[in-house]
Amino acid sequence: MRFLHTSDWHLGRSFHRVNLLSAQRAFLDHLVETVRAREIDAVLVAGDVYDRAVPPLAAVELFDDALHRLAGLGVPTVMISGNHDSARRLGVGSGLMERAGIHLRTDPADCGTPVVLADAHGPVALYGLPYLEPAMVRDTLGARRADHAEVLGAAMERVRADLAGRPAGTRSVVLAHAFVTGGAVSDSERDITVGGVASVPVGVFDGVDYVALGHLHGCQTLTERVRYSGSPLAYSFSEAEHRKSSWIVDLDADGTVHAERVDCPVPRPLDRIRGRLEQLLEDPGPARHEDSWVEATLTDTSRPHEPMARLVKRFPHLVSLVFDPEDGPTRSLASYAQRLRGRSDQEIAEDFVEHVRSGRAADEQERAELRSAIDEVRVDDMAAEVAR
């Protein structure tokens, strides 16, 4: 059976205030054409379909159009909700959509209920594990603790229990939206740290033939059977070196996996340039970046006059400007967003405590209280989203 594994569409997201709807439409055109041309048997979408819980109408219309086109090809689609999605909103109408071959898996209680497809070699059970917010799903899944490893482990116990009751030779695929140990992060993923631990071990997925992961935006292979497809578009300059792609996965009769990367269309390259303003304006070298989305880091010892206006004349797609003086301290001049880049909510809170206490760091009890408070706020946010 041949699958197309994709994830993290983030429909409705912009890039430094640049509207990406046309680029997202081009990706979905590419996806539908790949399904048709490569004779895909099923499409797997491993979460973060939308960029936020209440997406703009244009993003919803784009999603609706994509589903109609996939259904028109007669190719089943299995899709889970991610941490950016509203699971309840995404799941509305799932029963009706299932009749058209669009299988939305957004309810944690259904982790052990697969979509069963078949080819010439027999059945394939596809289990959809939506993003599992630990404190919200602990009781539903019967997990011992409210952390990512425990709730995902409990979900996989349901998967293995169901699989054990199926005919011998049934192959298995799991879709999950999680941060798995060994994966490389970028700046554009939302922090999902709970209790100080965000990642889960890859061994939690033992016992299935293929795991289609979502959440991390770089396409990567953790094992031959466990892979991230990554996002189809770059959503931060930390992804400038990413090769954006999807996986075509062939699952043999004995469960052997053969995977091939299929490149996604690139709306515009991402480039980072660095130097003094006059150097960037006059040197011939940066000319190759003039058609790219550009992040420029200026190393002038003092801020030049109207640098953005001057640079954009040469680099019309300049979207980000950073100051990093070559002979002075950088931390005080860095933007607030830059200073927080790559840091978890827990680390930011601990830094704040240390700052206001003139260098005295939080002790273990205080760190535990901060973790508890952050987790409580996250759960309240999730509950409010569900109630809306």
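This is a predicted model: local features need pLDDT of at least 70, side-chain atom pairs count only at pLDDT 80 or more; totals for chains, interfaces and linings use all residues.
What classes of residue make up the lining of the largest cavity? Nonpolar residues account for 12. Two are polar. None is charged.

Now, where does that lining come from? Helix 6 spans 148-164, and strand 9 spans 171-177. Each of them supplies at least two lining residues. Helix 6 gives the most, with three residues.

On to the aromatics. The structure holds four aromatic pairs. I'll take you through two of them, starting with F15 and F237. Their ring centres are 5.2 Å apart. Their planes meet at 50°, so this pair is tilted. A pair counts as stacked under 30 degrees and as edge-to-face over 60.

Look at where these two residues sit. F15 is in strand 2, residues 14-15. F237 is in the loop between strand 14 (226-228) and strand 15 (245-251). That makes a link between distant parts of the chain, 222 residues apart.

Buried or exposed, F15? F15 has 0% relative accessibility, so it counts as buried. F237 is at 3%, so F237 counts as buried too. The cut-off for buried is under 20%.

F15 has another partner, W293. The ring centres of F15 and W293 are 5.2 Å apart. Here the planes are at 40°, so the pair is tilted. W293 belongs to strand 18, residues 293-298, while F15 is in strand 2, so this pair ties together parts that are 278 residues apart in sequence. W293 has 9% relative accessibility and therefore counts as buried.

F15, F237 and W293 form one aromatic cluster.

W293 also brings in an arginine. R268 lies over the face of W293, at 5.9 Å from the ring centre. There is an arginine over W247 as well: R261 lies over the face of that ring, at 6.0 Å from its centre.

Next, a hairpin. Strand 7 covers residues 115-119, and strand 8 covers residues 122-129. How do strand 7 and strand 8 pair? They run in the antiparallel sense, over five bridges. Two residues lie between the strands of this hairpin. If you want to find the pairing on the screen, look for L117: V124 in strand 8 stands opposite.

Last stop, D187. Where is D187 found? D187 is in the loop between strand 10 (179-180) and strand 11 (199-200). Its relative accessibility is 34%, so D187 counts as partly exposed. Compare its position with that of G218. In sequence, D187 and G218 are 31 residues apart. In space, they are 11 Å apart, C-alpha to C-alpha.

To recap. The largest cavity has a lining with 12 nonpolar residues and no charged ones. F15, F237 and W293 make one aromatic cluster. R268 lies over the face of W293. Strand 7 and strand 8 form a hairpin. And D187 counts as partly exposed, at 34% relative accessibility.

Definitions and conventions. Residues are numbered from 1 along each chain as its sequence is written. Side-chain values use heavy atoms; hydrogens and water are left out. Helices (H or I, at least four residues) and strands (E, at least two) are DSSP runs, numbered from the N terminus. Ala, Val, Leu, Ile, Met, Phe, Trp, Tyr, Cys and Pro count as nonpolar, Asp, Glu, Lys and Arg as charged, and the others, Gly among them, as polar. Rings of Phe, Tyr and Trp (its six-membered ring) pair if their centres lie within 6.5 Å; planes under 30 degrees apart count as stacked, over 60 as edge-to-face and the rest as tilted. Buried means under 20% relative accessible area, exposed over 50%, partly exposed in between (1.4 Å probe, protein chains only). A charge sits over a ring if NZ of Lys or CZ of Arg is within 6 Å of the ring centre and within 35 degrees of the ring normal. Two strands pair if DSSP finds at least two bridges between them.
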